[in-house]
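Trainee: Hi! Could you walk me through this one while I look at it?
Mentor: Happy to, let's open it up.

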Amino acid sequence: MAYNSVTLVGNLVEDPELRFTTSGIPRANIRIAVNHRWRDPNNEWQEETSFFSGTVWRQYAENVAESLQRGSRVIVTGRLQQRQWETADGDRRSVVEVRIDEIGPSLRWATADVRRTTRESSGGYYDSGQRSRTPASPVNPTGSFNRDEEPF
């Protein structure tokens, strides 16, 4: 069985780019720089940087665009996805991107103020702008949830 999963820890190269499809669905594109450091045989530090692009959709995209900025240290999990297209000149192009399942700030060298977005009855979302003073609901001990049920 093939399994496609990736976890990246790095810094955002630029602010998340929030755009909307023609039907109004939000999409945020991010670019992340991942550094790898090692010592060579001469005991000198070497560094290699890889750059990855990723995408999040819908309310998640708006949350990312509002919460993260250029330089933010982030942890990203998702799956690799290849996209192909043809240019106006007829050249074929392809790119491998991360289809992001989860993204958040790394707390190794920073702190975060987490505010939960909640659902409205209309299916939209709003952000109260305040931390909840109500204790969180207990987690389902079986680890399984209905599709309509939030895990916390």
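Trainee: Which residues does V76 touch, not counting those up to four places away in sequence?
Mentor: In this predicted model, V76 touches V6, T7, L8, I30, I32, V98, I100, E102 and I103.

Trainee: And how many residues does the largest nonpolar core have?
Mentor: That core has 16 residues. V76 is among those with the most contacts inside it, along with L8, I30, V74, I100 and I103.

Trainee: Which elements supply at least two residues each?
Mentor: Those are the strands β1 (6-12), β3 (26-39), β5 (73-86) and β6 (92-105), plus the helix α1 (58-67). The largest share, 4 residues, comes from β3.

Trainee: New topic: rings. How many aromatic pairs does a search of the whole structure find?
Mentor: The search comes back with 0 aromatic pairs.

Trainee: Okay, then what lies over the face of W45?
Mentor: That's R37, at 4.4 Å from the ring centre. There is also W109, where the charged end of R108 sits over the ring, 5.3 Å from its centre.

Trainee: Last one: where is E44 found?
Mentor: Look in the loop between β3 and β4 (45-57). Leaving aside neighbours within four places in sequence, E44 is in contact with W38 and R39.

Trainee: Why is E44 called partly exposed?
Mentor: Because its relative accessible area is 47%, and partly exposed covers the range between under 20% for buried and over 50% for exposed.

Definitions and conventions. Residues numbered from 1 in each chain as written. Predicted model: local features only at pLDDT ≥ 70, side-chain atom pairs only at ≥ 80, totals over all residues. Heavy atoms only, no water. Core = buried A, V, L, I, M, F, W, Y, C linked by side-chain atoms within 4.5 Å. Buried < 20%, exposed > 50% of the residue type's maximum accessible area, 1.4 Å probe, protein only. Contact = heavy atoms within 4.5 Å. Phe/Tyr/Trp six-rings, centres within 6.5 Å; stacked < 30°, edge-to-face > 60°. Lys NZ or Arg CZ within 6 Å of the ring centre and 35° of its normal.
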